[in-house]
Amino acid sequence: MKVWLLLGFLLLHEAFEEITGQPLPKNKRPKEPGENRIKPTNKKVKPKIPKIKDRDAADAPPKTQSIMIHMMDKGRFQKPAATLSLTAGQTLELRCKGNKIEWSYPAYLETFKDSRLSVKQHERYGQLTLANSTAADTGEFSCWGQLCQGYICRRDETKTGSTYIFFTEKGELFVPSPSYFDVVYLNPDRQAVVPCRVTVLSAKVTLHREFPAKEIPANGTDIVYDVKRGFVYLQPHADHQGVVYCKAEAGGKSQISVKYQLLYVEVPRGPPSTTILASSNKVRSGADISVLCTVLGEPDVEVEFRWIYPGQKDERPVTIQDSWRLIHRGLGHTTRISQSTLTIEDFETIDVGYYICTAHNLQGETTVATIVESS
């Protein structure tokens, strides 16, 4: 009987090993000291580095979103490319998404307050419409959204739209100019532009000197051609002065532009150089007096004048007349004289005191004064 029990136990033992693939557990031996300690390994673990977009998201500039749409025929529309070529005579319609949109367009349209141009603000978009377009309308059209807090608004740089449009017109390769002769001032400290802009993007444009007759190369160093601006003198100097014109060729046709007189200017930039002079510093009662404020400056820099005079607080009637003219000092140097004249009739005691003139330009302002007394 004991033999059969022992045989049965051996058979069960073998069956268990076949099923589990493991031998039956044996009595556990005592563990040696330190046997359960984790053994060091040479496996390299890569440190986790935060993704760049997550780490720099707060510092990244806001993405710019184009908001301009070009409305086309038959109700079609598309986002305009950086440049467009349209046939003159078409009606241009641009829309920009937003409930407060500002626009910029060629200065030609703004200067003449052209009735063909219409700008409207709708509830969800701004709309610019230009009817009966002409070659003269060629230029940059842009829009941007406004961010307002109360009455204070600022430009939203993330929502803008822009396109430069060439309006092609038969017989007009150049954007028409309001005059047949124009003056370009060459300042040694800033760029000068001969504005030979074309209405055909593919036109070949060259610059020419009238006398002595020769082509002036746009070498990319001193002179470059920008289709949106014209020929740009990067570093003007006295040798560039003279009469020039441009020539355009496209589609087997050629055209000559208006002429440009290039004048070199050597007037230092800065606040106005101002002087003041009274017709007399001692005036008798009942006489007339005039005080002249004069600025000598660059020919293309405008000057604004402000006056303070003794009778101002009592609303003393005076006449103030502003004027300017150009003077040529030889060797192609030109200076602008800007003047403001304050005139008082029937001089009285109330008119005695200091006459103060402040002249202002883009670089700053200068204040001068003179005293007028009663004789």
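Glu157 is exposed, at a relative accessible area of 53%. Here, buried means under 20% relative accessible area, exposed over 50%, and partly exposed in between, with a 1.4 Å probe and protein chains only. The side chain of Glu157 meets that of Arg155 in a salt bridge, at 3.9 Å from N to O. A salt bridge requires a side-chain nitrogen of Lys or Arg within 4 Å of a carboxyl oxygen of Asp or Glu. Arg155 has a relative accessible area of 37% and is therefore partly exposed. The model is predicted: local features need pLDDT of at least 70, side-chain atom pairs count only at pLDDT 80 or more, and totals for chains, interfaces and linings use all residues. Residues are numbered from 1 along each chain as its sequence is written, and side-chain values use heavy atoms, with hydrogens and water left out.

By the salt-bridge rule, the count comes to 7. Side chains of opposite charge can pair when their charged atoms come close. Helices (H or I, at least four residues) and strands (E, at least two) are DSSP runs, numbered from the N terminus. Glu210 is partly exposed, because its relative accessibility is 33%. Lys259 is also partly exposed, at 34%. A further salt bridge joins Lys247 and Glu249, whose closest N and O atoms are 3.7 Å apart. Lys247 counts as partly exposed at 27% relative accessibility, and Glu249 counts as partly exposed at 35%.

Asp288, Glu345, Asp346 and Glu348 form a negative surface patch. Patches are made of residues with over 30% relative accessible area and no salt bridge; like charges are joined within 9 Å, and nonpolar side chains (Val, Leu, Ile, Met, Phe, Trp, Tyr) within 5 Å. Lys and Arg count as positive and Asp and Glu as negative, while His and the chain ends are not counted. The place of a charge is taken as NZ of Lys, CZ of Arg, CG of Asp or CD of Glu. Asp288 is found in the loop between strand S21 (282–283) and strand S22 (289–297). Its relative accessible area of 52% makes Asp288 exposed.

The protein has 3 helices and 27 strands. Of its 375 residues, 34% count as buried. Ser142, in strand S9 (residues 139–149), is buried at 12% relative accessibility. Beyond residues up to four places away in sequence, Ser142 touches Met68, Glu102, Trp103, Ser104, Gly161 and Ser162. Contact means heavy atoms within 4.5 Å. Among contacts with a separation of 6 or more, 66% are between residues 24 or more positions apart.

Val318 lies in the loop between strand S23 (304–308) and strand S24 (319–328). Val318 is partly exposed, at 23% relative accessibility. The C-alpha atoms of Val318 and Thr343 are 5.8 Å apart, across 25 residues of sequence. Trp324 is found in strand S24. Trp324 touches Arg336, Ile337 and Ser338, with residues up to four places away in sequence not counted. The C-alpha atoms of Trp324 and Gln339 are separated by 6.0 Å, with the two residues 15 apart along the chain.

Notes:
Accessible areas come from the Shrake-Rupley method with a 1.4 Å probe; for residues, only the protein chains shown count as cover.
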